[in-house]
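Trainee: Before we discuss charged side chains, could you show me the model we will be working from?

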Amino acid sequence: MSVLSRNRLPKKIPLLIVLVTSFVTLNVLAVGLVGYLSFRNGQRAVNDVARQLRSEITTRIKEHLYTFLTTPQQINQANADILRQGVLAADDAVALERHFWGQIRIFDSVSSIYFGNPDGGLVDAGREGAGGSLYVIATDGFKSGPFKKYATDSRGQRTDLLVTVPDFDARTRPWYNGAVSKDNAVWSAAYILFTGQDMSIAASRPVYNKRQELLGVVSVDLFLSQLGSFLQNLEIGETGQGFVMERSGLLVASSADEKPFTELGTDEPQRRLYASESTVPLIRYATEALAAQFGDYRNITGEQQLEFDVNGQRQFLQVSPIENEDGLDWLIVVVIPEADFMAQISANNRTTIFLIIITLGIAVVVSVVTTRRIIGPILQLNAFAHELSKGQWGRPIGHDSRISEISSLTQSLNHMAGQLQQMVAELITEVAERKQTAEALRESEENLRTTFNSIGDAVITADVTGKVTGMNPVAETLTGWGQAEALGKPLTEVFHIINDQTREPVQNPVDKVLKAGKVVGLANHTALIARDGAEYQIADSGAPIQNATGRITGVVLVFRNVTEQLRAEQELLKAKKLESVGVLAGGIAHDFNNLLTGLFGNIELAKMFLPTGHKSHQFLESAGRSMESATNLTNQLLTFAKGSDPIKETIFIGAVITDTARFSLRGSSVKLQTDIAPDLWPVEADKGQLSQVISNLVINAQQAMPTGGTITLAAKNVEIATGKYVQINVQDEGTGIAPQYLDQIFDPYFSTKQTGSGLGLASTHSIISKHNGTITVKSQLHRGTTFTIHLPAAAEKEATAAGEFSAEMPVAPVFSARILVMDDEEVVREVIGAMLEKLGHTVIFAVDGQEAVSKYQTSSENGMSYDVVITDLTIPGGMGGQEAAQEILRIDAQAKIIVSSGYATDPVMANYREYGFKGIVVKPYRFADLKKVIQQILKLR
């Protein structure tokens, strides 16, 4: 440095002071601002987290409540449907009791399920508190008067009488008259159970028959303690609370470990508690804050968030109403103390202040040291820059500074001249690279074009005005438009889409994408109408095309043909519906056949003991015909039963279907025309079920032609890709079926007629499916309907093997025998016992498999073996016929066992010989059938 420069420096502010002052000032401002913002952001974060946590917890409570409260309404709806449709008789207290007991075992959140009728009667099944034992309640005679409460065993049978309550009338109860007066589903107010251990709430619904006559009211009670358990398991901050209360302020449930009602054993009567009486201070403070804010809880509308102070501590509160049209009107309250969030933030603030002080001290020291290291090299760089300004490039500057930035700057200045020369060479290289980039872009565009044309889905591109700019071969195939003729045309002309349900045009997808500015999918039920009129079900989406700046320059549509996929899904849905009906059908049909056994048997026995010509004969004959109708309905139900199998034999179906069709049209004005091929292949089929199919189809055809007409019944042999089949056609000239109903006609309980159960075509579909066949329908309005059935052909074989018997085989009389009968139903034992004794046989009874095996064992050991054993296939809660037969055959391999069941399509009944049985007899019993089977078995001796 020159002498002149050194003389002038004291007259200026020293660089050291300037730098140190600047560094310290900047650090103070930066650190202080950071500390302030950190504190403010902490406060804001607390508010945001508290708001989000309150909303999240409230949402979880709402979702749980909707699920919790939906269950009883669904149970009521199901029970109402069963009563309205007559699946359960509204006056059958025993069946209702058994049905409700079965339901209460499934739904553990439900305290009781019950039904009250217009006579004041009550049937109820419930549990003693959450997780407690089950019980049943019924009024005498199913009308007003005393009701009795019984304990039950594991099978739902009554055991001990627990309580008798006199003068009960269901019509006076709030759950009954509330539902009837509103004529809709209603909720009761929450109430304490008479046991004093829990609170409950009742959901009720009136039930009407098809003539809109009141059958009664179904109702379900819920345990509110389960709602409290859910709230207690929620994590609501560290000390937060959540609770549900009525608009009156009465507490329904809370997250605190307390009951919303007073305990038993105090001097005052048991009562519900208000939220303001809670033992938890935070819940009391929350109710006081709500009262102060809104005056009356009934003034709270919509979701509200507010804050209040308790002892100087801020509390965050959210209240949200939950109400529905059934009368439910509750408030969900969530309150969280600010202290749950502030502990960590306060600690962070103290740490921040400490770090600010340390930072300021370090900043001063570092500033002084750094300034001294910077000054020297800067002066040297200043001199070098002065030389550069004079054009002196040759002499480099030394660069031994310990400050990396200054050393780097020194090196940069030294190489500046060389870098300028190097830049020229780099420019030449860049030009060459740009040429290579252009070539790569051309190749990329070609690859994109190839990919576009190779995509398996259809693709159409359009500009922002909706004009077609491109389409791939798949799109050309589906739309029927070639790309050359489609370019420039409006997308709506080339891509013509409608709603296949309403047949109305669907909004232009280009407009939807441009409006949304993002990927959008078209609505369900979208159909594409091709240029040639062909129609395809499609699934598609549209997306915007954007340039490098993000501006939308067009739209790309990607779609595919899902017609076959939707058809497959519909078939799968239909199969699932049939399977769900089957679960219910099997049980109902089995129990119903047990009842019919008693009715049929007693009718036949009564006719036997009456003198010929007695005037009661005609009434018994009429009752018998009614029982036959009931049996036919049961057989229709059994075709749905899960796991049921037809009892197949090899038959030629020509005569079967012709005779059935003629029989079904007796007395009708409809003409039957047949076209049965004489060389029909045999099929493996259940003759009775196949007759049921033809009868259902012919009767439906006859009902479709009320003024008369012709039904054509045809059968022929066909060969298709999957093998040989016998094809059956039933064609009518009737009114036809509307297109919107074609996909539903095989659904259970679906019918377009004013009368009928809706089971005919559903059972027909089930039977054909279980015969490994198919049934399809074609129909045109006012021109008629054709049902087509395909049954797999089978090789001929004898229908009945030697030594195997059925009720149809004629036999000669045989000797009196000792017969062991095993059945759990007393009425069945009485009927079959009377029939067998009428035949001259000695009858011994057993109620289940264990007793039957024991009696057979004892009899064999005493040299008095039974000549015949008749076993019921299904014994609820005990050993059934199949297992009992195996045990008896171990005792006596020559035992002659007949299997009996009201479940005629059970796999064991269909293949009884495989399980060691010598014969079958199906409930309900006919005297003649039972006689023939017994005689056939005894002839084996």
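**Salt bridges and their exposure**

Trainee: Are R272 and E246 buried or exposed?
Mentor: Keep in mind that this is a predicted model. The side chains of R272 and E246 meet in a salt bridge, with 3.1 Å from N to O. The pair links distant parts of the chain, since R272 lies in the loop between β11 (251-254) and α6 (281-294) while E246 belongs to strand β10 (residues 241-246). As for accessibility, R272 and E246 are both buried.

Trainee: Why does R298, the partner of D296 in a salt bridge, count as exposed?
Mentor: The closest N and O atoms of D296 and R298 are 3.6 Å apart. D296 counts as partly exposed because its relative accessibility is 32%. The term exposed requires a value over 50%, and R298 counts as exposed because its relative accessibility is 53%.

Trainee: How many residues apart are E485 and R531?
Mentor: The side chains of E485 and R531 form a salt bridge at 2.8 Å, N to O. E485, in helix α11 (residues 483-486), and R531, in the loop between β19 (526-529) and β20 (535-546), bring together distant parts of the chain, and their separation is 46 residues.

Trainee: Which residues do salt bridges that share partners join into one network?
Mentor: A search of the whole structure finds 17 salt bridges. Among these, bridges with shared partners join into one network the residues R247, E323 and D329.

Terms used
Residues are numbered from 1 along each chain as its sequence is written. This is a predicted model: local features need pLDDT of at least 70, side-chain atom pairs count only at pLDDT 80 or more; totals for chains, interfaces and linings use all residues. Side-chain values use heavy atoms; hydrogens and water are left out. A salt bridge is a side-chain nitrogen of Lys or Arg within 4 Å of a carboxyl oxygen of Asp or Glu. Helices (H or I, at least four residues) and strands (E, at least two) are DSSP runs, numbered from the N terminus. Buried means under 20% relative accessible area, exposed over 50%, partly exposed in between (1.4 Å probe, protein chains only).
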